[in-house]
Amino acid sequence: MDASLFTSMLFATVVAGTPLIIVALGLLVSEKAGVLNLGAEGMMAMGAVAAFAVTHHSGSPWLGVLAGMGAGMVIALIFGMLTLTLMANQVASGLALAIFGVGLAAFVGKPYEAVALQAVPPIRIPFIADLPLIGEALYNQQALVYFSWALFWGLLWFLYRSRAGLVLRAVGESPASAHAIGYPVIRIRYLAVLFGGAMAGIGGAFLSVFYTPMWAEGMVAGRGWIALALVVFATWRPLRVMIGAYLFGGVMITQLFIQGSGLQIDFPSQLLSSLPYWATIVVLVAISRNANTIRLNSPVSLGKPYRPDA
Amino acid sequence: MLELEARAEPSRLMSWLSPLLAVVLTIAGGMLVFSALGKDPLEGFRIFFLNPVKDLYGLSELLLKATPLMLCAIGLAIGFRANVWNIGAEGQFMLGAVAATGVALYFDGSESALLLPAMIVAGALGGAAWAAIPALLRTRFNANEILVSLMLVYVAQLFVSWLVFGPWKDPDGFNFPQTQMFGDAALMPVLLEGTRLHLGFALALAVLVAGYAFMNRSFAGFRMRVAGEAPDAARYAGFSATRMIWIGLLLGGAAAGLAGMGEVAGPMGQLTDKVGSGYGFAAIIVAFVGRLNAFGILLASLLMALLYIGGEQAQQYLNLPSSISMVFQGMLLFFLLGSDVFINYRLRLRRRAVQGH
């Protein structure tokens, strides 16, 4: 492999991994608070379409990202009201959110299907972008790539070094105890769900405004579900989310590079495209094989409704 | 101030009223959507909910659409009752369609009366085989069946694309991604002259009855209900969780595969890359709205079919994207989940004065 191919593959891997990181870290925060939101796919779709529409009308991709974030939060709020206030089943509500979000995005996005956006130029970090091999790939990137790194470091600090993070984890482990000590469990869970929605919205915005940049029905293509799988794969640890997301990015990109390389390999492109989905399954199997890994690492009250007795 | 108060025991009445409340709220919400889009809400209501069923042909189309929905949903409901979350019915549907198509193409030109039954069996087996993957990975490796079955939907879609763009493409099809049309012996007989309603509908009703018998009259079905409602009791009684996962997924897969077979051998008459039209996902809503029971699923599938056809009508007469169906379907499930709170809780008026200080 020559140097420039390595650089461009690394670049593309980072780009492909970025939405997964942002979305999965958001879901991780929700799940740490004990809320399983399976609606990531729907929140991403809504974020993508809202960001696309606002960018198209305003000309500003940054307003677009904000809109995507807002859209993700609004539909996460619906999920929160169902599961936290009305104590509906989290699995069923998450599925509803996924179906509803994808449908509403398709509906709202219809007029934008033939529209193209201008590509947003990357931001070059002086000096380190000149590093050989990796400089161009890592430090001449889209702003949201840097955002994903900041999010990672911020979350590490928040979850494991801050008092608020400790409370969040306590709420996910034992809501009854957290309530007994006087923490507002439901309010904290709302905030965690909204954060998850915001990140899923930004992840969607990255896809439609920076990555492709266009809107098409079904463009999220299962990334919301892959992000959910990533959180399990990472056993609820931010560093492993990063590693996992880049691994998946790598799988997606390798498959694209093989298709685009003109290599005369006799393998149908559709079957190659299914590689990332198989990879998700294989990784899930590998990590879940030891039931204890999952049991010891998952937040104890994950997916269980909690209602403080007034 | 209004607040929720736990009921002493779940209300049976509310568990039946809640879907009705959800339907009413969905219709009200739908009319709000129409006015927000600048359409006359009454006209919207008429076109969306009444137009599709105004004549016999419309009714037959409704039953046609409801067929795959009720098939997929009854299969899913069996698993859902035992907390086996198969959400990949869409993929199992496609693999059922593929397996049935394989039989039809292999015996192309055959006039045998056995061809159609063979396709039916192949369809069910194809769907069950696809569902066996999450079942195996769940029981052997503890891998979450939600994510595995869902990932396999994308794989199935790509697999179908490969088939119809590649080896199974109709040589005389002007390069369209589709197989050749099936011969007469490979097509479902039409039930009602002049409509597209086919034998698959009768089959689906039979499966509903079988599903009812399994869930409410068999010991295996009883075990699955116990496992869903009281997992500890099921464990104590020694019911095998592994067997329930297998039963839940295989039956769900077989029913979805059958639905896929009914589509290719019914209204489509061939396999195309558009074969999966979201029935497998919509069936999740059908199963929930139908309260995971056979009769409820029958009604819910008719309602969801109406939402599908209403969307097509809205596209034709109101110039709205047909994806408005999905919006309404999602709304229906949201409202149902929200209304369900009243099964276990009731509203109580709390007076401020009582609180006192």
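Helices α6(A) and α7(A) run roughly perpendicular to each other. The angle behind that label is about 70°, and the axes lie 5 Å apart. This falls in the perpendicular class because that class spans 65 to 115 degrees. In chain A, α6 covers residues 143-161 and α7 covers residues 163-173. This is a predicted model.

Look at where these two helices touch. From α6(A) come A:Phe158, A:Leu159, A:Tyr160 and A:Arg161. From α7(A) come A:Ala164, A:Gly165 and A:Arg169. By class, the contact has four nonpolar residues, one polar residue and two charged residues.

Now turn to the contact between the chains. Chain B supplies 36 residues and chain A supplies 37. What classes of residue make up the side of chain B that touches chain A? That side has 27 nonpolar residues, eight polar residues and one charged residue.

Two loop residues of chain B deserve a look at the backbone. Start with B:Asn142. It sits in the loop between α5 and α6 of chain B. The phi of B:Asn142 is near 65°, a positive value in a residue other than glycine. Is B:Asn142 buried or partly exposed? B:Asn142 has 19 C-beta neighbours inside 10 Å, so it counts as partly exposed. The cut-off for buried is 20 or more.

Next comes B:Leu292. This residue lies in the loop between α11 and α12 (294-318) of chain B.

How confident is the predictor? For the complex, ipTM is 0.88 and pTM is 0.90. For chain B, the mean pLDDT is 91, and 98% of its residues reach 70 or more. Helix α4 (residues 89-106) of chain B has the highest mean pLDDT, at 97. Helix α15 (residues 352-355) of chain B has the lowest, at 52.

Terms used:
Residues are numbered from 1 along each chain as its sequence is written. Chains are lettered from A and ligands numbered from 1 in the order in which they are written. This is a predicted model: local features need pLDDT of at least 70, side-chain atom pairs count only at pLDDT 80 or more; totals for chains, interfaces and linings use all residues. Two residues are in contact if their C-beta atoms, placed from the backbone, lie within 7 Å. Ala, Val, Leu, Ile, Met, Phe, Trp, Tyr, Cys and Pro count as nonpolar, Asp, Glu, Lys and Arg as charged, and the others, Gly among them, as polar. Helices (H or I, at least four residues) and strands (E, at least two) are DSSP runs, numbered from the N terminus. A residue is buried if 20 or more other C-beta atoms lie within 10 Å of its own, exposed if 12 or fewer, and partly exposed in between; C-beta atoms are placed from the backbone. pLDDT is the predictor's confidence in each residue, from 0 to 100. Axes are lines fitted to C-alpha atoms, for helices over the stretch in contact, and angles run from 0 to 180 degrees between N-to-C directions. Angles under 35 degrees count as roughly parallel, over 145 as roughly antiparallel, 65 to 115 as roughly perpendicular and the rest as oblique.
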